[in-house]
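User: I have a few questions about the structure below. Please give the cut-offs along with the answers.

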Amino acid sequence: TANETLSRTIMTASTTLISLTCLVILGGDVIRGFVFAMLFGVIIGTYSSLYVAKNIVLMLGLLTLRSCL
């Protein structure tokens, strides 16, 4: 359901952000650019999962439900 997906998305994103934050703080200059790119990707991916994909799935579900009637 939507609530299970929401909690999974938030928990996955938060644990990934914690790991990447540790890499920014403890990692060297060589890995810092990669970590910032990963941070950007995780933030955009989480936004997409929460606000874009959920609405598309709901819309597809309504279209499928209407075609069955």
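Analyst: Helices (H or I, at least four residues) and strands (E, at least two) are DSSP runs, numbered from the N terminus. This is a predicted model, in which local features need pLDDT of at least 70, side-chain atom pairs count only at pLDDT 80 or more, and totals for chains, interfaces and linings use all residues. Residues are numbered from 1 along each chain as its sequence is written, and side-chain values use heavy atoms, with hydrogens and water left out.

User: Is Thr9 buried or exposed?
Analyst: Thr9 is found in helix α1. Buried means under 20% relative accessible area, exposed over 50%, and partly exposed in between (1.4 Å probe, protein chains only). The relative accessible area of Thr9 is 16%, so Thr9 is buried.

User: Which residues is Thr9 in contact with, leaving aside its neighbours within four places in sequence?
Analyst: Contact means heavy atoms within 4.5 Å. With those neighbours left aside, the partners of Thr9 are Thr46, Ser49 and Leu50.

User: Which residues form the salt bridge, and how is each classed by accessibility?
Analyst: A salt bridge is a side-chain nitrogen of Lys or Arg within 4 Å of a carboxyl oxygen of Asp or Glu, and a search of the whole structure finds one. The N to O distance is 3.2 Å, between the side chains of Arg32 and Asp29. At 26% relative accessibility Arg32 is partly exposed, while at 68% Asp29 is exposed.

User: What area does the nonpolar surface patch with Met59 have?
Analyst: Patches are made of residues with over 30% relative accessible area and no salt bridge, where like charges are joined within 9 Å and nonpolar side chains (Val, Leu, Ile, Met, Phe, Trp, Tyr) within 5 Å. Met59 lies in helix α2 (residues 29–68) and is partly exposed because its relative accessibility is 48%. Together with Tyr47, Tyr51, Val52, Ile56 and Leu60, Met59 makes a patch of about 620 Å².

Methods:
Accessible areas come from the Shrake-Rupley method with a 1.4 Å probe; for residues, only the protein chains shown count as cover.
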